[in-house]
Amino acid sequence: MGANAAGPRLEEQWRDILSVHARTMCEIDRVLHPHGLGASDFEVLDILASEAPEGGEHCRVQNLVGRVHLSQSALSRLIGRLEKEGLVERSVCAEDRRGVWVSLTAKGRALHADVLPLQRAALARTLNG
């Protein structure tokens, strides 16, 4: 009985979350599109920038999967596009030949720095507004 009474409230909360997420992703996509990026592209660049602030480090692709909310195959395609654009580079993990490292290039780091204020402003507009 308790689950039925809470059902409409939970469903409403869930729909509110989905609505905020959709609005936020659309706004980020809108502001980043002129720079050739989408929201998921930015997320990867942002995680890599925060994981390796000095530029010499890298992150395993496997560790990105749970953080960007994409399937492993979708993330692999996204990283492939970013690599083709010269924003990231991939390398094989020497310790585990199955593992793949990804890191920002200088071009990727510069683009991230350029668009970071746009993404943060979009977050502020949709999440604080």
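Visitor: In what kind of crossing does α2 pass α5?

Guide: A crossing is left-handed if the near helix is turned anticlockwise from the far one by less than a right angle, and right-handed if clockwise. Here α2 passes α5 in a left-handed crossing. The model is predicted, so local features need pLDDT of at least 70, side-chain atom pairs pLDDT 80 or more, while totals for chains, interfaces and linings use all residues. Numbering starts from 1 along each chain as its sequence is written, and side-chain values use heavy atoms, without hydrogens and water.

Visitor: At what angle do the axes of α2 and α5 cross?

Guide: Axes are lines fitted to C-alpha atoms over the stretch in contact, with angles from 0 to 180 degrees between N-to-C directions. Those of α2 (residues 39-51) and α5 (residues 106-128) come within 10 Å and cross at roughly 110 degrees. The two helices (DSSP runs of H or I, at least four residues, numbered from the N terminus) are therefore roughly perpendicular, a term for 65 to 115 degrees.

Visitor: Which residues meet between α2 and α5?

Guide: Contact means heavy atoms within 4.5 Å. From α2, F42, E43, L45, D46 and A49 meet R109, H112, V115, L116, Q119 and R120 of α5. These divide into five nonpolar, two polar and four charged residues.

Visitor: Which residues lie nearest the centre of the largest pocket?

Guide: A pocket is an open set of points on a 1 Å grid where a 1.4 Å probe fits, with protein on both sides within 12 Å along at least five of seven lines; lining residues have an atom within 4 Å of a point. Of the 14 lining residues, H21, M25, I28, E43 and H69 lie nearest the centre. α1 (2-32) gives the most to this lining, with five residues.

Key. Parallel < 35°, antiparallel > 145°, perpendicular 65-115°, else oblique. Nonpolar A, V, L, I, M, F, W, Y, C, P; charged D, E, K, R; others polar.
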